[in-house]
Amino acid sequence: MTEDYFWGLTLDSNKKKEVWDPDRNPASGGGDMQGFRGEHTLLVKQIVLGAEAKDGDVNVVEVEAMGYKADVKFPIAVMRGGSTQSQAVLDLLFPDPPVTFHLVKGSGPVHLLGNHTIGTGELVGDDDEDEDLEDELDEEDLEDLEESPERNNIEDKKRKLSQSNSNKKGKKTKVDEK
């Protein structure tokens, strides 16, 4: 089971850097997540340059995140104040926290929007439910399952497949004869 939440942050001259880390930072969506088992992922879908951005001001947003073998650090958007393009569609998936967003040039404001997904949402200790399900299946139920014939027998499937193939080649079926 997953839970999805709307996510956003604003970078400007007063706040040039923000770290998304739900496990450590309550402001980024992880406040009382202690006890939860599951993965946090962040999908950044859009960047919007605020209406207050200065004309001609170039705004560069950089992201730093975990890569395969080392951390990676790249600009993800360059936006100019006063231009006709005040927003851009992004498709950036960050499967693991932490992710650091940094306004490396310009004064913003720049708004990043997306989804924060929490993996399973199961509380630690829910393994008891699995044990309860196992207890419900007693030995008689297991024996009944073992004695029942297989419904999806491989031979039956082969026979049905060969029949349907021969019917398609022009042979009449009972339905065709009626």
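This is a predicted model: local features need pLDDT of at least 70, side-chain atom pairs count only at pLDDT 80 or more; totals for chains, interfaces and linings use all residues.

Analyst: Val 60 stands opposite Lys 105 in strand 8. That strand, residues 99-105, pairs with strand 5, residues 58-66, in the antiparallel sense over five bridges, where strands are DSSP runs of E of at least two residues, numbered from the N terminus, and two strands pair if DSSP finds at least two bridges between them. Both belong to an open sheet of four strands in the order 2-8-5-6, with antiparallel pairing. Strand 2 (17-20) and strand 6 (71-80) stand at the edges with a single partner strand each, so one side of each is left without a neighbour in the sheet. Neighbouring strands of this sheet are turned by 20° against each other on average, direction ignored, the axes being lines fitted to C-alpha atoms.

Within edge strand 2 (17-20), Glu 18 forms a salt bridge with Lys 15, the closest N and O atoms being 2.6 Å apart; the term requires a side-chain nitrogen of Lys or Arg within 4 Å of a carboxyl oxygen of Asp or Glu. Glu 18 counts as buried because its relative accessibility is 14%, whereas Lys 15, at 38%, counts as partly exposed (buried means under 20% relative accessible area, exposed over 50%, partly exposed in between, with a 1.4 Å probe and protein chains only).

Residues are numbered from 1 along each chain as its sequence is written, and side-chain values use heavy atoms, leaving out hydrogens and water. The mean pLDDT (the predictor's confidence in each residue, from 0 to 100) of the chain is 79, and 59% of its residues reach 70 or more.

Methods
Axes are lines fitted to C-alpha atoms, for helices over the stretch in contact, and angles run from 0 to 180 degrees between N-to-C directions.
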